Amino acid sequence: PRLSPAIIVRVTDGDRILLARSPHFPPGMYSVLAGFIEPGESLEAGIHREVFEEVGVRITDLTYFGSQPWPFPDSLMIGFVARYREGCIRCDGVEIEDAGWYERERMPELPGPLSISRALIEDFLSR
């Protein structure tokens, strides 16, 4: 069967989490960053590329978190956590229309509870 690997990554900087808004999200909703892996690209390289392309920051300390099948139409979401290394947020204006650092006490509307994106965020909130 055809399978399209996609990464999803939570980026933190101390007590802050990087959340972004896609123009395709419901109004007010923010989530962690995600994107598809290109042919011949490792998961790790794809994560670094996607984060930099979408929001202009560099990351470090990449660690596997978990996975979730995502039938739109044939994706496997592979989740990671990472720490901010450097750079200023600069949204690409296509896939990401807004992004920012959020603290636990000031979270925007989040994805539904059954998604790996919400699991990544809840894991951050519980620490």
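Setting aside residues up to four places away in sequence, Glu41 touches Phe36, Gly46 and Arg49. Please keep in mind that this is a predicted model.

So where does Glu41 sit? If you follow the chain, you will find Glu41 in the loop between strand E3, residues 33-36, and helix H1, residues 43-55. Its side chain makes a polar contact with the side chain of Arg49, at 2.7 Å. The Glu41 side chain also reaches the backbone nitrogen of Glu38, at 2.9 Å.

Next, please find Phe52. Which residue lies over the face of Phe52, at 3.7 Å from the ring centre? That is Arg58. Arg90 also belongs in this picture: its charged end sits over the ring of Phe52, 5.5 Å from the ring's centre.

How many aromatic pairs does a search of the whole structure find? The search finds 3. I'd like to show you one of them, formed by Tyr84 and Trp101. The arrangement is edge-to-face, with 5.4 Å from centre to centre and 85° between the planes. Tyr84 belongs to strand E5, residues 75-86, while Trp101 belongs to strand E6, residues 98-103, so this pair ties together parts that are 17 residues apart in sequence.

Are these two partners buried or exposed, or something in between? Tyr84 has a relative accessibility of 22%, so Tyr84 counts as partly exposed. Trp101 is at 15%, and therefore counts as buried. The cut-off that separates them is 20%, because buried means under that value.

Last stop, the cysteines. How many disulfides does the structure hold? The count is 0. Take Cys88, which is in no disulfide: the nearest cysteine sulfur is that of Cys91, and that sulfur is 12 Å away.

Cys91 is partly exposed, at 28%.

To recap the tour: we began with Glu41 in its loop between E3 and H1, visited Arg58 over the face of Phe52, looked at the edge-to-face pair of Tyr84 and Trp101, and ended with Cys88, which is in no disulfide.

Methods:
Residues are numbered from 1 along each chain as its sequence is written. This is a predicted model: local features need pLDDT of at least 70, side-chain atom pairs count only at pLDDT 80 or more; totals for chains, interfaces and linings use all residues. Side-chain values use heavy atoms; hydrogens and water are left out. A disulfide is a pair of cysteine sulfur atoms within 2.5 Å. Buried means under 20% relative accessible area, exposed over 50%, partly exposed in between (1.4 Å probe, protein chains only). Rings of Phe, Tyr and Trp (its six-membered ring) pair if their centres lie within 6.5 Å; planes under 30 degrees apart count as stacked, over 60 as edge-to-face and the rest as tilted. Helices (H or I, at least four residues) and strands (E, at least two) are DSSP runs, numbered from the N terminus. A charge sits over a ring if NZ of Lys or CZ of Arg is within 6 Å of the ring centre and within 35 degrees of the ring normal. A polar contact is a pair of N or O atoms within 3.5 Å; within protein, one must be able to donate a hydrogen and the other to accept it, and residues adjacent in sequence count only if both atoms are side-chain atoms. Contact means heavy atoms within 4.5 Å.
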